[in-house]
Amino acid sequence: MGLFAKITRNELRLFLREPLVAFFSLAFPTILVVILGSIPEFREPSEALGGVTVISLYVGIALALGLAMLGLQFMPTVLASYRERGVLRRVAVTPVRPVTLLGAQLAATLVMALVSGILVLAVGKIAFDVNLPGQPVGFLIAYLLCGAGVFAVGLLVAALAPSGKAGNAIGTLLFFPSMFFAGLWTPREVLPAVLQRIGDFTPLGAGERALHDAAVGQWPALLPLAVLLAYVVVFGAAAARLFRWE
Amino acid sequence: MTVIEVSNLQKRYGDTAAVRDVSFTVERGEIFGILGPNGAGKTTTVECVAGLRTPDAGTITVLDRPPRDHELRRLVGVQLQEGQLPEKTTVREALELFSAFYPEPADWRALARELGLGDKLGTRFAKLSGGQKQRLSIALALIGDPRIAILDELTTGLDPHARRDTWDLIEGIRARGVTVLLVTHFMEEAERLCDRIAVIDSGRVVALGTPAALIAEIAAEQRLRFRPSEPIEDALLLALPEVTEVRRHGPRIEVVGKGELLHTVIALLAGRGIIAADLRVEQADLDEAYIRLTNREPLAEER
């Protein structure tokens with residue numbers, strides 16, 4: 001096993017040792033789908049939603065939820081606490097560069113998100129007959145781009161937060177409005193037009209829109225993909241510039 | 001052979017000068033101590049040597065390379081004062097992972113046994129005692145089989161027993177042929193372990209030499225305490241070449257100096273018909289030496 005894989009495995013192991021993190025990132029999105037899927041009306045095609053079922057929408061929203069919890073709350077907390085506790089400094093005096101540890105943490109976060117997402121899709125398909133994405137390649141691109149956008153925002157939080165606790169607090173503050181625009185409380189598709197428009201420019205609103213497009217078999221629209229790419233570039237560059245190693 | 005050379009090092013943080021002028025060399029195979037009170041600039045100095053900070057002025061070479069040379073990360077093992085690990089990492093995982101960082105690591109199992117961590121491999125970092133965390137930290141500093149080990153405030157916070165065990169460990173490290181740069185604020189630790197010591201205070205080297213030489217220099221100092229039968233001016237005492245300092249404690253006088261201090265002071269007093277009542281003569285001890293060198297009160301824990 002290569003060094004990067006070893007460090008990533010170690011980061012994954014540490015993720016799984018936090019019961020709250022493991023539960024909310026791996027199981028909670030699926031539990032949300034199971035709860036909503038148990039409501040009979042949510043399994044019927046809805047005219048207000050253009051003929052799709054509510055539960056099929058929530059499969060996409062649950063994927064965004066997994067990315068948001070991991071990318072906005074858990075990953076920044078871990079990285080900020082690594083700085084606070086001197087873990088980054090400890091690594092800086094070894095042949096491994098601290099940026100490698102940061103990369104491994106991102107990789108571990110992505111693995112957690114993928115496992116959580118596959119679980120959501122599988123349960124949606126098996127338990128509630130939600131079709132798998134009609135445009136799988138577009139769906140994967142939308143998912144990875146949404147993940148990258150959210151992680152870039154999370155990295156900027158980690159770059160600026162002075163401690164693990166502060167990182168978690170800032171992440172949580174961003175989490176709620178982000179998930180509102182992704183449609184966690186009311187699906188984006190039934191939000192008033194002006195809120196939809198605002199949501200199009202948030203990472204999770206754009207992400208959910210792109211995921212929804214691909215789920216129903218279309219290529220994701222250009223706007224959400226461009227918005228996500230902008231988040232990756234702008235927030236990623238800001239995080240790279242501002243990240244403090246100690 | 002010189003393995004570390006520091007000359008005229010300076011480092012400021014904003015308006016505060018942490019290191020004003022520090023120079024020393026470390027020879028291969030020795031234990032070199034940097035001794036001084038808290039805030040003297042010791043940690044900043046070794047952080048510059050370890051490549052973690054960039055000096056404002058002065059030069060440092062480590063194994064003939066600049067301290068930031070990436071090759072040195074393999075050749076120099078560092079134990080940091082505040083280098084922690086994730087709370088839920090076990091001792092085994094930390095040792096395994098860090099040994100994977102190096103191209104030719106030491107055998108981590110043997111290292112763990114040697115450092116008394118053999119039965120703690122499954123224990124998480126957060127559950128280790130202070131002494132065990134320190135030993136793990138030493139193990140991680142040695143895991144790359146380094147040629148130089150930099151150890152910062154190794155025994156701070158340890159109980160006396162654990163401190164003595166750690167000293168044995170350091171001597172073991174030297175016996176393996178590793179050069180050790182040791183930072184401490186314990187005079188006793190420096191005296192016991194170090195071949196040579198640089199005493200740093202307020203960012204400057206105030207003394208440099210073998211422990212025996214430093215102590216000999218200070219131990220030559222004596223102090224007299226007495227109650228004069230008649231008042232006497234400080235200036236008269238200070239005019240004697242042997243006297244370096246006069247302090248008043250109510251009716252009592254304390255005179256500090258070197259050489260034939262007792263004889264010259266008594267002669268001066270006798271010439272003026274003054275009797276020195278309750279006369280006490282004291283030689284400076286190690287704590288005294290340290291205070292004299294650094295001009296500061298020791299911390300309570302150092303007593």
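A salt bridge is a side-chain nitrogen of Lys or Arg within 4 Å of a carboxyl oxygen of Asp or Glu. The structure holds 27 salt bridges over all chains. This is a predicted model, in which local features need pLDDT of at least 70 and side-chain atom pairs count only at pLDDT 80 or more, while totals for chains, interfaces and linings use all residues. Residues are numbered from 1 along each chain as its sequence is written, chains are lettered from A and ligands numbered from 1 in the order in which they are written, and side-chain values use heavy atoms, with hydrogens and water left out.

**Exercise 1. Work out how chain B meets chain A.**

Step 1. With contact meaning heavy atoms within 4.5 Å, 29 residues of chain B touch 23 residues of chain A.

Step 2. Buried area is the accessible area (1.4 Å probe) that two parts lose on being put together, summed over both. For chain B and chain A this is about 2,400 Å², 56% of it on carbon and sulfur atoms. B:His70, B:Lys88 and B:Phe101 supply 24% of the area that chain B buries against chain A, more than any other three residues.

Step 3. A polar contact is a pair of N or O atoms within 3.5 Å; within protein, one must be able to donate a hydrogen and the other to accept it, and residues adjacent in sequence count only if both atoms are side-chain atoms. The two chains have 10 residue pairs in polar contact, both residues at pLDDT 80 or more.

Step 4. On the side of chain B that touches chain A, two or more residues come from each of helix H2 (72-75), strand S5 (76-79), helix H3 (91-100) and helix H5 (130-142) of chain B. H3(B) gives the most, with four residues.

**Exercise 2. Trace the strand pairing in chain B.**

Step 1. Two strands pair if DSSP finds at least two bridges between them. S1 (residues 2-13) and S2 (residues 16-27) of chain B are antiparallel over eight bridges, with B:Leu9 opposite B:Val22 in S2(B).

Step 2. Two residues separate these strands in their hairpin, where B:Gly14 takes a positive phi near 60°.

Step 3. S1(B) also pairs with strand S4 (residues 57-62) of chain B, antiparallel over five bridges. There, B:Ile4 has B:Val62 as its bridge partner.

Step 4. Six bridges join the antiparallel strands S11 (residues 243-249) and S12 (residues 252-257) of chain B. B:Val243 stands opposite B:Gly257 in S12(B). The hairpin has two residues between its strands, and B:Gly250 in the turn has a positive phi of about 60°.
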